[in-house]
Amino acid sequence: MSRIVIVGVIAVCAFLFTGSSQLLAVPLQTDAELTRKLSAEPLSQIAEDAQKFGDPTRGAIAFYQPTMNCARCHESANGQRQLGPNLAEKREVNWEHLAQSVIAPSAKIREGYSTVQILLDDGKVVSGVLVEETDNQLKIDQIEIDQPRSIAKEEIEDWQTIETSSMPAGLANQLSGRQQFLDLVSYLAVIAEGGPVVADSLRPAIAAVAPLPEYENRVDHAGLIKSLSASSLVRGEETYRLRCASCHGTLEQEGSMPTSLRFASGKFKHGSDPLTMYTTLTHGYGMMNPQRWMVPQQKYEVIHYIRETLLKPHNASQYFKVDNNYLAGLPKGDTRGPKPVVSRPWTAMDYGPSLNNTIEVSNDGSNIAQKGIAIRLDEGPGGVESGKYWMMYEHDTLRVAAAWQGDFIDYEGIHLNGAHQRHPKIAGDVVFQNKTAPGFARPQSSTKDCHFGNALQMIERSVATTNTMAPCPKIGGNLKVYIGLASKRS
């Protein structure tokens, strides 16, 4: 028999990296040397670090990202075939073996998934996973075709099994670095231990695995850093206040998530230089999700605010000094990405004739309408937000909380401008206000049997007063006033 040259899985690799535009997206700052670096480490150390520091949730994102192509081979959907072993099959886990399988796929090939190479009588060479052999044909599976391919033996000059896995070597180089590799290994171990149920629970949303924009591979990091200015600091502060402060806290207040780094006093786990912070915002780290909504300018502006306002004066040991040598060593690029889109849709939408929301009348927390109903009093186009005169009724305490003119509210709040742990305040001039207290009393003729359950109990607990029980007719009268105002505007 004639011998054929062992050329590995060139056809498969070529398709993976050049054959489909959907597979060309490369994550930001992929490490082309990662496979080589990991190969130089003891597998025992990698396995130990993956167990300690790997995050399976983030590993799932790596598994499903298009450039890795893991899911296409190892996951069958809707009964379709899979080219590689079912990694969610419940089994005993060997962390070192899992790490090795990604670093060096050909080191140990699972039975039933060997690659065959076939020399056709027209001189072409094809390769794939052998699915079936009969007296008349070979059936092979290839990633670049939708169905297994049958080749008649009369068309085959020679074929043989090769010791090269159909999984391309160097796939780890598509990852951003060692941490993302540890995350991936952690994910593989967790789904092997937990089986399909755990695998389904870790499957990321489509947005989490969507390819990064193409421009992220060509960012001029040095240019962006050198262009930071006082106005950049102001914009960065606003982004931090709206998006970051809730978890990470401020100088005055701790964040709501204990695992989030307190920048003014904590120690970074992933590096505090600007590029590493940029990478964290882009890819996420640990329990922090990627901030895909931000363009490069916005990322460096909020990094600038964190560094100059929280690190430099309060946590100097974590402040990385940027010099010319650091800038010269940054990845080269020719773009600063798209300009940030300044959009405040929460101020432009039509809310209708009234807005139900917690709204503060005072500036010191002494008068907050917890269940306020703000009503526009003047006529004109648009909804409540477009008016000039308003009155607010609160149906917790049954009071007219305030009336004001000029500007509506400041739109602070998670459901408005995205700010966490905040509620909107009146932005205009308050004409009059009533303090936080029940807006009703009990006439001498009231009945003891007419009460309002939990709402009244809440009032009695929060307001130091007596005789808060109100008769039904009085409540009905108050509601009639509100309905009348709403009807006038609708």
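Is Asp49 buried or exposed? At 10% relative accessibility, Asp49 counts as buried, where buried means under 20% relative accessible area, exposed over 50%, and partly exposed in between (1.4 Å probe, protein chains only). Before going on, note that this is a predicted model, in which local features need pLDDT of at least 70 and side-chain atom pairs count only at pLDDT 80 or more, while totals for chains, interfaces and linings use all residues. Residues are numbered from 1 along each chain as its sequence is written, and side-chain values use heavy atoms, with hydrogens and water left out.

Let us stay with Asp49 and look at its partner. Side chains of opposite charge can pair when their charged atoms come close. Here the partner is Arg178, and the two side chains meet in a salt bridge at 2.7 Å, N to O; the term stands for a side-chain nitrogen of Lys or Arg within 4 Å of a carboxyl oxygen of Asp or Glu. Because Arg178 lies in helix H7 (residues 178–194) and Asp49 in helix H3, the pair ties together parts that are 129 residues apart in sequence. Helices (H or I, at least four residues) and strands (E, at least two) are DSSP runs, numbered from the N terminus. Arg178 itself counts as partly exposed, at 28% relative accessibility.

Helix H3 has another pair to show you. Glu48 forms a salt bridge with Lys52, with the closest N and O atoms 2.9 Å apart. The two residues are 4 apart in helix H3 (residues 43–53), so about one helical turn separates them. Glu48 is partly exposed at 34% relative accessibility, and Lys52 is exposed at 55%.

Now move along to the loop between strand E9 (399–405) and strand E10 (429–433). Arg422 and Glu412 form a salt bridge whose closest N and O atoms are 3.5 Å apart; both residues sit in that loop, 10 residues apart. Arg422 is partly exposed at 35% relative accessibility, whereas Glu412 is buried at 11%. The pair also belongs to a network of salt bridges that links Glu238, Arg241, Glu412 and Arg422. Across the whole structure, a search finds 18 salt bridges.

Lys226, Lys332, Arg336 and Lys339 form a positive surface patch; patch residues have over 30% relative accessible area and no salt bridge, with like charges joined within 9 Å and nonpolar side chains (Val, Leu, Ile, Met, Phe, Trp, Tyr) within 5 Å. Among them, Lys226 lies in helix H10 (residues 221–226) and counts as exposed, at 61% relative accessibility.

Conventions:
Accessible areas come from the Shrake-Rupley method with a 1.4 Å probe; for residues, only the protein chains shown count as cover. Lys and Arg count as positive and Asp and Glu as negative; His and the chain ends are not counted. The place of a charge is taken as NZ of Lys, CZ of Arg, CG of Asp or CD of Glu.
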